[in-house]
Amino acid sequence: MRPAATIVEVGPRDGLQNEKQTVPTASKLELLELLHSAGVQRLEVTAFVSPKWVPQMADHEEVLRRFESAPGLIRSVLVPNERGAAAALAIGVEELAIFTSASETFARKNINCSIAESLERFRPVAAIAMSSRVRLRGYVSCSFECPYEGEIAPEAVVAVARSLADLGCNEISIADTIGQAKALKVENVMRVTTAALPASMLACHFHDTHGRALENVDVALANGIRIFDSSIGGLGGCPYAPGAAGNLSTIPLAAHLEKAGYTIGLDMAALGKAQDFAFALRK
Ligand code: HMG
Ligand code: MG
């Protein structure tokens with residue numbers, strides 16, 4: 001039997017957060033439904049962050065409320081603090097995603113606090129995730145390079161990943177926020193990270209600035225990683241990461257994983273419809 005690999009679709013959040021023009025709530029919901037119809041079961045739906053910091057996600061409550069739960073579907077939302085977590089849980093969600101960084105400067109620019117402060121801020125988020133029995137995902141941004149600090153030491157990534165695991169994260173996504181990682185760097189970071197934590201609780205989140213994301217996926221696969229984040233149509237970027245291009249695009253990732261012998265359980269024709277819709281949103 002072919003082994004399974006999992007795609008976590010982050011386009012409706014990581015993709016749309018970066019669009020210049022306002023994307024109507026109805027269009028966000030249509031994109032979510034198209035992705036779900038294509039068999040996507042892990043979907044990052046929106047971000048319960050400050051609308052002053054990320055105006056594109058200001059409709060987070062309405063998006064989550066109207067994109068209802070379904071059997072097998074894991075609706076994830078990005079939350080920066082307890083307030084965001086409580087608001088999402090009040091509506092109903094299957095996963096909370098917290099996010100910090102391996103770079104102090106990026107943490108400051110993106111969430112206006114130090115890495116240590118962010119971890120403290122996540123403590124109550126982890127507590128309510130646990131008491132509400134929802135999954136907790138953690139991101140380590142700038143795990144390879146930072147737009148402000150340059151190269152990041154693999155030890156810094158491991159330290160933050162361990163702290164997120166200690167907080168109670170079920171899964172930790174190691175992120176190449178600005179898509180600068182090269183295969184050798186990915187190998188170094190994944191080797192030390194998988195020595196510290198089980199590969200089964202790690203995911204990789206590649207942005208595709210230089211077209212190296214699929215090569216980096218192969219390095220991660222060789223290190224035992226089976227969960228990959230991607231964005232439909234390669235939408236994406238981060239408003240606080242200059243140079244961050246789109247995320248690794250979902251269809252090429254799905255095709256690549258299938259070719260490598262993994263089962264991903266997605267309907268490629270239906271994904272194509274979601275991709276066409278995502279492209280049209282950008283026009
Ligand atoms: P702050 O200014 O330090 O804190 O922001 P604050 O407590 O003073 O809050 C500022 C304003 O936001 C206040 O409103 C709060 O009420 C409000 P005001 O009083 O000025 O009218 N606020 C909120 N509103 C809605 N929901 C909330 C919430 N919390 C406070 N949960 C804060 C600190 C963390 C809130 C802010 O920095 C923030 O929201 N940052 C989010 C930045 C962001 O979303 N970045 C993009 C996502 S990360 C990413 O893309 C990387 C990733 O994809 C992985 C990778 O590629 O690396 C995940
Ligand atoms: Mg990202």
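This is a predicted model: local features need pLDDT of at least 70, side-chain atom pairs count only at pLDDT 80 or more; totals for chains, interfaces and linings use all residues.

Residues are numbered from 1 along each chain as its sequence is written, and side-chain values use heavy atoms, with hydrogens and water left out.

Two packed helices are described by the angle between their axes and the distance between the axes. Helices here are DSSP runs of H or I with at least four residues, strands are runs of E with at least two, and both are numbered from the N terminus. The axes, which are lines fitted to C-alpha atoms over the stretch in contact, with angles from 0 to 180 degrees between N-to-C directions, come within 10 Å and cross at roughly 20 degrees for helix 6 (residues 115–131) and helix 7 (residues 154–167). Helix 6 is therefore roughly parallel to helix 7, since angles under 35 degrees count as roughly parallel, over 145 as roughly antiparallel, 65 to 115 as roughly perpendicular and the rest as oblique. In contact, meaning heavy atoms within 4.5 Å, I115, L119, F122, R123 and A126 of helix 6 meet V160, S163, L164 and L167 of helix 7.

Helix 5 and helix 6 pack with their axes 9 Å apart at an angle of about 55 degrees, so helix 5 is oblique to helix 6. Here E104, A107, R108 and I111 of helix 5 touch I115, E117, S118 and R121 of helix 6.

A pocket is an open set of points on a 1 Å grid over the protein atoms alone where a 1.4 Å probe fits, with protein on both sides within 12 Å along at least five of seven lines, and lining residues have an atom within 4 Å of a point. Of its 33 lining residues, V49, S50, P80, F99 and I111 are the closest to its centre.

Key:
Chains are lettered from A and ligands numbered from 1 in the order in which they are written.
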